[in-house]
Every structure is written in C-alpha cells, then in structure tokens.
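The following exercises are to be worked with the sequence and the structure at hand. Each task is followed by a solution in steps.

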Number of protein chains: 2
Amino acid sequence: MSKSNNVYKDAFNRCLRLLDETKSLPSEPELGTLLGVSRTTVRSILSRMEETGLIAWNKRSKTVLRAPRPEDFFPEEETDSLAEIIERSFMRRLLAEGAEAGMQINELELAREIGVGTTSVREFLIRFSRFGLIEKRRNSHWVLKGFTRAFALELTEIREMFELRSAAAFAALPEDSAVWADLDRLEVEHRQLASEIATRFNEFSELDERFHRLIHRASHNRFIVDFYDVIAMIFHYHYQWNKAEERQRNEVAVQEHLAYIAALKSRDPGKVDAACRKHLKSARQTLLSSIPEGRQAQPA
Amino acid sequence: MSKSNNVYKDAFNRCLRLLDETKSLPSEPELGTLLGVSRTTVRSILSRMEETGLIAWNKRSKTVLRAPRPEDFFPEEETDSLAEIIERSFMRRLLAEGAEAGMQINELELAREIGVGTTSVREFLIRFSRFGLIEKRRNSHWVLKGFTRAFALELTEIREMFELRSAAAFAALPEDSAVWADLDRLEVEHRQLASEIATRFNEFSELDERFHRLIHRASHNRFIVDFYDVIAMIFHYHYQWNKAEERQRNEVAVQEHLAYIAALKSRDPGKVDAACRKHLKSARQTLLSSIPEGRQAQPA
DNA sequence: AAAATGTTTTTTCCCGATAAAAGACATTAC
DNA sequence: GTAATGTCTTTTATCGGGAAAAAACATTTT
C-alpha cells in the first residue's frame, strides 16, 4: 500500500453532492475543474457512479439515475490526506498536557504511533518547522520549543506589525479596487452573524480568517501573506481545544471587526490604525489568557 | 547506497587540522563536542587515523605520529551533505538565464539531473519553499515564482521593518548585556577589514551576516531571527554569481556598518534609526540594481 | 476545428529497507 | 565514583519501488 486514494474518495463525495442539483453531469474536463482534480480521477469517479447505478454513462451522456444515498458516500475519515492526518495527531500531542518545551521529537515513534511511513512524518515536520514551534538538530532529533507564552508574544508581535501595515495599505487602495466589494460582502456576513450570534458563534473562526486574509493581501507582500498561515494554524488548533468563553469572545470580535471595517471604509489612516490596534490588542489578550501559566519554557 | 558518510569525512578532515596543533588527542567525548559529531563517528575517525599511521591509539592514549599530508584529506566534494549539493544545483538553475517565473519544477527531473533520490529533492523543495521563491500545487508540480524585482522588493520591505525594530531593541539593551562585547569585537573586525579592503573585500559577506544576525537577535523574536535565513540565502547565492563592483560595494558597506555600530553604541534612538535606514537603503539599491531588467514576473 | 473521449506516459506520494550516525548501556580505567 | 572506553540499540538520512493521480498524446464526436 503505497498511496491512499483519498483524492479520489474526497472528490467522489463532493461529486455525489452535485448529483442532487442536476439531471446530467458536464464534460470530463469541466468536472475536473469543478472538483479540482485531473481527468484521470474524474473518470474513476464516473466509473464507480456507473457501477453503483448512480448514473448511466456513455461517452458524453452522463444521466443521473437516482439520488445519492448515505451509503454511497465514502467514510469521512478516508477522505483526509496523510498530511492532514499527521498534522492533527501531532497537534493533539502538542497541545495536550505534558508537551513541555525542550522535549525531543522522534520521527520513528511518531510514524509508528500514527501508523504511517517515516517519510511522511519527516516531510510534515519540515513543513511544520516554519511555524516556529519545533527546531531541528542536524543529523539528530527535532526539539519541541513548546506552545509557550513567549511563543504567543513573538507571534502577536509580528502579527501586529504586519496587520497595521496591511490595514494602512488597504485603506490607501484606489476607489475602484475590487477589494472594496469584497469588504462590503464581508461586512454583510458579519452583520448576519452578529444578529444570530447566539446560535452561530462557532462560524466566526472561518469568517475571521477570510477577513484578515483579505486585509493582509493588500500588503502585496508574499511574506506578510504567508505569515498569516502561522496565525491561522495556531488559532485553528488552539481554539479547537479551548472552548472557554467562546461565544462571548466571538461576539466581541465580530463587533470589533465591524468597527474595523467601518474605519477602513472611512479611509482615514488614523481611524484605521486605532480600530486595528484595538482589535489586535483584544486578540492578543484572548490568546494569552488561554495559555496555561504552567506552560513556560524550560531553561536550556 | 542509502546514505553517504559525509559527516564522517568532513569531521575527519577537520580533525586532521587539529593534529597540527597537538601531540595527542583528547578523549572521545571531548573530540565529539569539538567536532560536533557523536562518539560513534569520532571512533570511526580514530580508527582510520590509526590505520593510516597518523596516530597510535590505545584506549586513552592517542599519540600523534606524523603531520597530516594533503593525500590524507578526503576530497572536498565528498564532505558536502546531500542537502547542500541539491541546494547548490537548484540555485544555479534558479539564477541562471531562462529561469522564468511561472515555470514548472519537476521533482523527478531534478532528482535525475542531480543524481539523487526523489525523497531528498522533495524534502529540499519543502524546506526551500519558505523562501517564497517557489509554490506547491497540491498533488502536482511546484511553480517557480522567480527571482524578480517584486521578490526583492517584498524581501527588503520585511527586512527593513525587522531590522529597524531589532536595532532599536539592541540600543535599548542594558549596559551589562553581553551583546556590547560582541559588538566591540565585530567593530574591531570591521576596522581590520576596512584597512585591508583592497585584498580582503571578499571576506565581507561572512562578516556582514554575523553583524546583522547579532542585531536581529536583540529582537528576541524567533520569526525575526529566522527571517534572516531568507536574506542570508539570497545574498549568499546572488552575490556568488554577481561579482560586479563587489569590491567597491563592500567598501561602502563596511563604512556604513562602522557608522551603524557607532550609532548603536551611542544608544541614541534617533541616530540608530538614521544609520540603520541609510545602510538598508543602500543594501536595497545594490540588490535591485543587480537584478536584470528582463527578469520580470509573467502575467499569471 | 474545437472540444470531447479514449489511451498511454509521466510524475507525485508514500512505504519499506538499509547504511550512517546518534544514543544508551555496560564495563573498565584512573 | 567520575569519566573514560567498549559494545549494543535506536534513529536518521536516503534510496528504489509501486500505486494513485496528473499530464500528454491519440482518436473520435459534434
């Protein structure tokens, strides 16, 4: 078993959802673009859909025969890529108790525990290293630096530097730039979410990420844009395992975003700076307050 | 052949140079620390030294029998790690003519060309991706973004942001911090180099890196410190293949560094900021002027 | 002839295996 | 009894191979 077919399975599931909407499927290249996979994979999907009686397939005609049933779908867990599986396992360990700074990370042990080859674990660790949480000793093990208070402070320092600059660049964008329409759409989504915050507060994370990425993109600097990956990763996992006060936290953040959006639309540098600072400050507070006090770096 | 023994060969060569200085070698653990390798490797080295009549080895006594001869050394090219070999080959391609933005990068082709396994190339590309010059298409090839004017501008933008902040932090460091002694030493080295610039101008690169790293370290922020890797890599390769006006360029830079050092020692924030800005500005100019005009990003 | 389908080739992703190197444990020397 | 040496075990670095997925090429359909 050298490579799982999760790409196929995931695309198959997504394709099933398309069946509900139409009576017949489009051409193979079109489906490929739609699903983000190659024609090879599209044809595998169509083959199986034909076999299981979902469609009748003859060259260009792909007629839907019946609606998909729950058992037609591949199980969710089989649609994840190896990288995602490894990332999740690793993050669970990292944020769990007992993951102290200075700890060694063993590729072989990780691989065995997760049930994957060492190559995949190595590649993951190399990719992950840019988040600043682990460090490699040449020809030897990785060292965990730990999700410490220091890490959070260093992260937010850069974030604030980058976002203040991006926000200023955003506000200076010409009137006819497409970003203003994007911002308007995000504003509407924020208002909707604000009005139903009691039930939909957990949808904030995703909106938050889209909003900040839009702002960072205005910097037109790949290093700033890429750095948001670090922030997004930390927030994603950290809040996934730390639900305390989530609702109230998000309620406050939505309002801050709305003020921030208003400031951007005013295009007044002073107002933008103030609104941005205010939001970043409370974001930092939230992150810091959720780091256990005991989680300190060990002396080297 | 699964792994080359370049660690051993490199450490062996370095150990040979130690023979000149002493009549007998220290203990195995001590040698290990000195050479930065494990005892296992130290023992391999000692074995060979005994075999080739360089030392007499019996338990604790390791007496030097003769001075090392040129033929005792392993060839230089056998002491490089695979990662270094791949990096050099890749950078040569990248900075050569014809490496246009948008070009595809083929792991298999690279591996065959360099004569290594695909795994090593993959790992290299993942590590290299943080430099912002290449980008991965999921389940598909890498795309070259190219060493363009835009790249240089984005890089220097961050560099300037980080270095101004680091320099300010540096100047604010307490009198008894160890960095002031480090700075003094660097100042002496700068003065020495300045006085012999006509013959030693090519030693500037290394000094430059040590100087800027010292400053960046004052930020106490891992993201700032790590970002210097990007700068160092670009400067290293770029100047290696671009020797135009090297002497004059370095002569100017040394003087700027000396002014910068003086400003830091004055601990006057205004002076530090001015000296830092001046140096960064000329560094940016130098980098930009050396990028061929034709090297522009292609429309997506 | 443009765009689809059918077929073949190439590349990516991932595993298992193996030598190099590190690390751990046992024993000896000072 | 500390610190070295001697020996054994584990981990890392790297390759080759094979299935999944992409990409390229050939053929047909509209």
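**Exercise 1.** Determine which residues of helix 11 of chain A are buried, and what they pack against.

*Solution.* The buried residues of helix 11 of chain A are A:Phe223, A:Ile224, A:Phe227, A:Ile231, A:Ile234 and A:Tyr239 (buried: 20 or more other C-beta atoms within 10 Å of the residue's own, with C-beta atoms placed from the backbone). They lie on the same side of helix 11 of chain A, because the arc they cover around the axis is only 125° (the arc is that of the directions from the helix axis to the C-beta atoms). Their packing partners are helix 7 (149–171) and helix 10 (204–217) of chain A, together with helix 7 (149–171) of chain B.

This is a predicted model, in which local features need pLDDT of at least 70, side-chain atom pairs count only at pLDDT 80 or more, and totals for chains, interfaces and linings use all residues. Residues are numbered from 1 along each chain as its sequence is written, and chains are lettered from A and ligands numbered from 1 in the order in which they are written.

**Exercise 2.** Describe the side of chain A that touches chain B.

*Solution.* In total, 17 residues of chain A are in contact with 17 residues of chain B (contact: C-beta atoms, placed from the backbone, within 7 Å). Helix 6 (118–128), helix 7 and helix 11 of chain A each give two or more residues to this side (helices are DSSP runs of H or I, at least four residues, numbered from the N terminus). The largest share, 5 residues, comes from helix 6 of chain A.

How values were computed:
Buried ≥ 20, exposed ≤ 12 C-beta atoms within 10 Å, placed from the backbone. Contact = placed C-beta atoms within 7 Å.
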